[in-house]
Amino acid sequence: MDAPPVPLSQEIPRGSDVGLRFDLKKDGDGTLALNWDSGENQIHDSQVVGVLQETRNKEVQPQWILRVVPSHSSLEVIKSMFAFESLRVSNLPRNYLERHMLPGAPEHLLVPPNADGSRNLHVIVSIRSGTGQAQQYFDDVLSKALAAIGLDRDTYHVHPTKSDKSIMEIAEKIILPRANQGIRQTIVLLSGDGGIVDIVNTLLSASQSDEYIKPSIGLIPMGTGNALANSSGLNRDATSGLSRIFRGIPRSIPSFTTRFSLGSVFLTDEGKKTESMPLQSGCGIVHGVVVCSWALHASLVSDSDTTEYRKFGAQRFQMAAKELMTPADGSAPHVYNGKITLYKTDERGQEIAEEMPDTKTSYIVATLVSNFEERLTISPASKPLDGQLRVLRFGDISGADVLRLMGMAMRGGGHERDVMAQYVPINGLKIQFDESDSRWRRVCVDGKIVQVDEGGWMEVRRGNRDVVNLVV
């Protein structure tokens with residue numbers, strides 16, 4: 001491969017006597033130390049996207065280290081402000097090359113265009129996701145990194161979002177028809193979990209042909225919680241998923257399907273408006289890949305989904321939870337009322353329905369992932385993309401106990417073994433609501449808020465059709 005067609009960020013002065021040392025720690029992290037007569041540099045593994053090597057006929061073949069670095073001095077925003085750098089070196093240690101060498105663009109990014117010239121490598125930039133940094137990451141990092149592996153702007157189509165419907169429209173008008181025609185496609189998605197959910201829901205809203213080819217998604221997590229990225233390992237380094245897009249492989253994303261009683265509606269515009277749900281067999285239907293929840297979790301996600309709260313990033317969830325757990329009027333936190341039935345598999349492999357004897361619930365989630373946030377390990381037994389639904393439930397317990405258990409989850413787990421918690425693998429669950437106030441009948445499906453009709457119900461089941469891949 002020739003030299004990367006991007007501006008050179010750093011180059012060791014010509015004629016310098018360079019010393020290279022790669023230190024690998026027991027935890028698997030490593031640091032490459034470069035020392036020369038007039039300077040030094042340390043490159044942490046967590047910043048490295050990969051290493052390219054020039055293939056020109058030279059005795060010493062230059063190598064290029066591609067990395068993502070923070071462009072701001074404040075540690076608080078180290079993952080929110082980015083810059084792309086390439087460093088030209090030679091004679092890198094063999095064990096370093098084995099960890100980071102890139103043979104070029106990976107196969108999932110080398111998708112051929114259609115006969116009419118339309119491109120099948122898509123970059124979707126979700127402008128409003130999280131704290132609004134997706135466009136900056138594309139301009140300052142992603143576009144330059146793609147150019148470094150030979151993918152210039154003519155090889156992919158950039159789709160900046162214009163509304164909260166944009167990703168669904170792209171999926172419906174472009175991704176779905178081509179997938180059904182057997183056309184390979186890859187989407188580099190700069191978004192939160194909601195972007196993947198929009199794509200999954202759109203693709204599952206129609207039937208798949210016999211020729212259907214699952215699109216692959218390379219996710220640059222730009223949301224607030226980024227549960228899918230944190231649970232699948234995309235956020236294990238400081239490149240915001242870019243290293244996995246360049247060095248990972250596509251794996252199927254498991255999903256679940258949630259059905260709602262007729263009369264249930266989506267809440268939009270910070271809960272001020274309602275929107276009808278897609279219907280199937282007389283029920284409202286929505287698909288997800290992360291979590292379906294009721295009680296505290298659904299309430300805090302809904303309450304914090306405002307322009308004012310979003311300024312605080314992932315911190316908004318803790319702020320909303322505090323207000324729900326310690327109401328301003330000094331009253332006790334609300335305990336939610338409804339009959340819960342779990343669908344489980346017994347020792348003979350037969351499905352059984354197990355009704356919870358207690359109808360009062362403080363917190364309940366059915367999830368396919370381990371982490372809702374980087375440090376919030378809600379389902380410790382979940383493995384990346386394992387497809388197993390698990391339920392975590394707290395019954396009628398005090399606000400102090402809820403905060404104690406969630407504090408354990410923030411420290412990596414242990415809450416799931418507490419006597420006040422129920423935590424088991426399930427095939428699905430059903431809730432029949434017994435709440436007169438609509439505020440306590442809100443359900444969260446991957447950030448989408450559904451208000452269930454009074455006396456209504458919801459049921460979640462593991463999906464039987466996986467329609468997209470995630471590059472991990």
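Which residues does R316 touch, not counting residues up to four places away in sequence?

**Entry 1: the chain as a whole**

I note at the outset that the model is predicted. I counted the secondary structure elements and found 10 helices and 29 strands in the protein chain. I then looked up the radius of gyration, which is 24 Å, close to the 23 Å that the globule rule gives for 472 residues, so the chain is as compact as a globular protein of that length. Along its principal axes, the C-alpha trace spans about 75 × 50 × 50 Å.

Of the 472 residues in the protein chain, 55% are buried. Among contacts with a separation of 6 or more, 72% join residues 24 or more positions apart.

**Entry 2: R316**

R316 lies in helix 9, which covers residues 315-325. Setting aside residues up to four places away in sequence, I found that R316 touches T224, V301, S304, D305, Y309 and R310. One of these, S304, places its backbone oxygen 2.9 Å from a polar atom of the R316 side chain.

Is R316 buried or exposed? Its relative accessibility is 4%, so R316 counts as buried, the limit being under 20%. I also checked R316 against R439, which is 123 residues away in sequence; the two C-alpha atoms are 19 Å apart in space.

I located Q63 in strand 6, residues 63-70. Q63 has a relative accessible area of 5% and is therefore buried. Its side chain makes a polar contact with the side chain of Q53, at 2.9 Å. Beyond its neighbours up to four places away in sequence, Q63 touches V51, L52, Q53, L87, R88, V89, S90, N91, L92 and L97.

N91 sits in the loop between strand 7 and helix 1, the latter being residues 94-100. Its relative accessible area is 58%, so N91 is exposed. I recorded a positive phi of about 60° for N91, although N91 is not a glycine.

**Entry 3: E85**

I looked up E85 in strand 7, which runs over residues 82-89. What does the side chain of E85 make a polar contact with? The partner is the side chain of R67, at 2.9 Å. E85 has a relative accessible area of 19%; buried means under 20%, so E85 is classed as buried.

**Entry 4: L189**

I found L189 in strand 10, residues 186-191. L189 is buried, with a relative accessible area of 0%. Leaving aside neighbours within four places in sequence, I listed its contacts as I124, I167, G195, I196, I199, I217, G218, L219 and I220. I also looked up the separation of L189 from P221, 32 residues apart along the chain: their C-alpha atoms are 7.9 Å apart.

I first placed L385 in the loop between strand 22, residues 363-367, and strand 23. Phi of L385 is near 55°, a positive value in a residue other than glycine. L385 is buried, with a relative accessible area of 14%.

I then placed I397 in the loop between strand 23, residues 389-394, and helix 10, residues 399-410. I397 has a relative accessibility of 15% and so counts as buried. What does I397 touch, not counting residues up to four places away in sequence? I found S362, V402, L405 and M420.

How values were computed: Residues numbered from 1 in each chain as written. Predicted model: local features only at pLDDT ≥ 70, side-chain atom pairs only at ≥ 80, totals over all residues. Heavy atoms only, no water. Helix = DSSP H or I, 4+ residues; strand = E, 2+ residues; numbered from the N terminus. Rg over C-alpha atoms; globule rule 2.2 N^0.38 Å. Buried < 20%, exposed > 50% of the residue type's maximum accessible area, 1.4 Å probe, protein only. Contact = heavy atoms within 4.5 Å. Polar contact = N/O pair within 3.5 Å; in protein donor to acceptor, adjacent residues only side chain to side chain.
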